[in-house]
Amino acid sequence: MTAVVSRGAAAVRSGPIDDIFTTLARRPEVISFAVGAPDPALLPGELVASLAADVVAQYGTSALQYGSTRGFPPLLDQAQILLRERGITGPAGLTHIATGGSGALHSVCMALLDPGAVVLVEIPTYGPAVKVFRSHGAVVRGVESDMDGILPAALDAALAAQQVAMVYLLPTFQNPTGRTMPTARRKQIAEIIVRHGATVVEDDVYVDLRYQGNPLPAFWSFAPHNTVYITSLSKTVAPALRTGIAVLPENLLEHVLALKQGIDMQTSTFNQAIAAAFLRSAEGAAHVARAIEKYGAKLAALTAALHRHMPSGFSWTEPEGGMFVWVEGPADFDAEKLIGPALDAGIAFLPGTMFYAAQDPPRNGIRLSFANVPSSEIDRGITVLADLCAAR
Ligand SMILES: Cc1ncc(COP(=O)(O)O)c(C=O)c1O
């Protein structure tokens with residue numbers, strides 16, 4: 001029998017990423033700049049094992065029980081501390097714990113998007129989010145952006161031209177470009193959002209991975225009543241904890257929690273208890289500091305290798321944090337055509353085409369993720385990439 005799938009499911013297609021990940025699973029020797037995942041050597045295995053034992057000792061079997069949909073109270077307390085450091089000082093009651101940033105995005109989409117609703121995104125943007133929006137029946141439109149993020153005049157015009165359900169922004173260490181929206185642009189965009197009465201979803205899962213420069217106030221702090229703020233412990237602690245934090249405008253929280261009950265009841269109590277213990281502990285802070293140091297060194301090694309090896313006509317971003325560098329070739333360069341030869345030559349990357357809402361996106365971009373690549377292989381991997389780019 002062939003199942004008749006929903007329109008939302010039919011609107012979401014898997015792309016070249018599946019071939020890349022199938023190959024990576026078969027050939028672990030491939031140097032992969034493809035996945036935005038932490039370095040396995042920087043996942044805190046021993047610390048999590050000891051915190052898990054502490055959690056069971058402290059809470060007994062209640063750590064294995066269902067709990068509140070809004071979140072495990074000790075983790076909500078830790079979340080308030082973490083959010084305050086980012087300039088997010090709203091009332092505690094508007095925060096909830098989600099199953100990763102992905103879980104938060106899904107429930108917020110359920111609350112905000114009807115079929116046909118318009119979602120505005122940056123150009124380029126985080127590709128998987130576009131799929132989520134489409135799975136909810138949304139029409140996703142890109143808005144012109146530059147190296148400082150979405151362009152104020154273009155956003156203003158797009159909001160004036162149509163009814164918009166959501167504006168999805170990644171102001172800090174954007175996936176895929178690594179770019180960060182400066183404070184002045186955040187203020188400009190916030191003014192436009194508030195003037196139009198629009199709703200922003202600020203996806204901020206990389207903010208703690210800053211290697212240079214000073215932290216910026218979250219976009220939320222300039223438009224708190226119009227912004228859903230989403231962050232996650234996946235990049236600094238461990239993706240498998242599936243722990244995200246969301247801050248919602250007052251009228252949304254009740255709806256999102258009611259919807260979350262239907263999605264997954266709640267985020268794992270056990271994982272939340274471990275996450276709370278991690279955030280409370282000095283060892284947790286030391287772990288994050290060590291990760292920042294190592295990833296910063298990897299980013300420096302990557303940009304040095306790009307300078308050393310890439311042929312002329314190629315340029316790239318030099319972010320202050322996060323996990324990604326975006327490379328652009330000449331206008332006639334087609335990164336997708338390089339995927340197969342790159343895998344044959346022992347490297348993987350994601351083509352930029354995966355990060356646009358448009359049907360016919362520019363083909364000359366490459367996303368390089370450096371966090372997961374062993375330091376000793378960065379230069380060799382970029383040599384291979386540069387040779388392929390030069391020979392295209
Ligand atoms: C921009 C962005 N948002 C959200 C997520 C999802 O993270 P989580 O593991 O918290 O669901 C990712 C993961 O790669 C991401 O890059």
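V247 belongs to strand β10, which covers residues 243-247; helices (H or I, at least four residues) and strands (E, at least two) are here DSSP runs, numbered from the N terminus. The model is a predicted one, in which local features need pLDDT of at least 70 and side-chain atom pairs count only at pLDDT 80 or more, while totals for chains, interfaces and linings use all residues. Residue numbers start from 1 along each chain as its sequence is written.

Is V247 buried or exposed? V247 counts as buried because it has 27 C-beta neighbours inside 10 Å; a residue is called buried if 20 or more other C-beta atoms lie within 10 Å of its own, exposed if 12 or fewer, and partly exposed in between, with the C-beta atoms placed from the backbone. Leaving aside neighbours within four places in sequence, V247 is in contact with L83, I88, G90, L94, T95, W220 and Y229, where contact means that the C-beta atoms of two residues, placed from the backbone, lie within 7 Å. K294, by comparison, is 47 residues from V247 in sequence and 30 Å from it in space, C-alpha to C-alpha.

The buried residues of α8 are R186, Q188, I189, I192 and I193. They cover an arc of only 165° around the axis, which puts them on the same side of α8, the arc being that of the directions from the helix axis to the C-beta atoms. On the other side of α8, A184 and R195 are exposed. The partners against which the buried residues of α8 pack are β6 (149-150), α7 (152-161), β7 (166-169) and β8 (200-203). Just after α8, G197 takes a positive phi of about 65°.

A group of paired strands comes next, two strands being paired if DSSP finds at least two bridges between them. Strand β12 (residues 324-328) is mostly covered, with 4 of its 5 residues buried. Strand β11 (residues 315-316) is joined to β12 by 2 bridges and the two run antiparallel, with E328 in β12 as the bridge partner of S315. Strand β15 (residues 365-369) is also antiparallel to β12, and 5 bridges join them; across this pairing, W326 stands opposite R367 and V325 stands opposite L368. A further 2 bridges join β15 to strand β14 (residues 350-351), again antiparallel, and here L350 stands opposite R367.

In a regular strand the side chains alternate between the two faces of the sheet. In β15, G365, R367 and S369 point one way and I366 and L368 the other way, and all are buried.

The last stop is the ligand. Of the 13 residues around the ligand, G100, G101, S102, S232 and S234 come nearest, a residue being near if its C-beta atom, placed from the backbone, lies within 6 Å. Helix α5 (residues 100-112) gives the largest share of this shell, 3 residues. By class, the shell has 4 nonpolar, 8 polar and 1 charged residues; Ala, Val, Leu, Ile, Met, Phe, Trp, Tyr, Cys and Pro count as nonpolar, Asp, Glu, Lys and Arg as charged, and the others, Gly among them, as polar.
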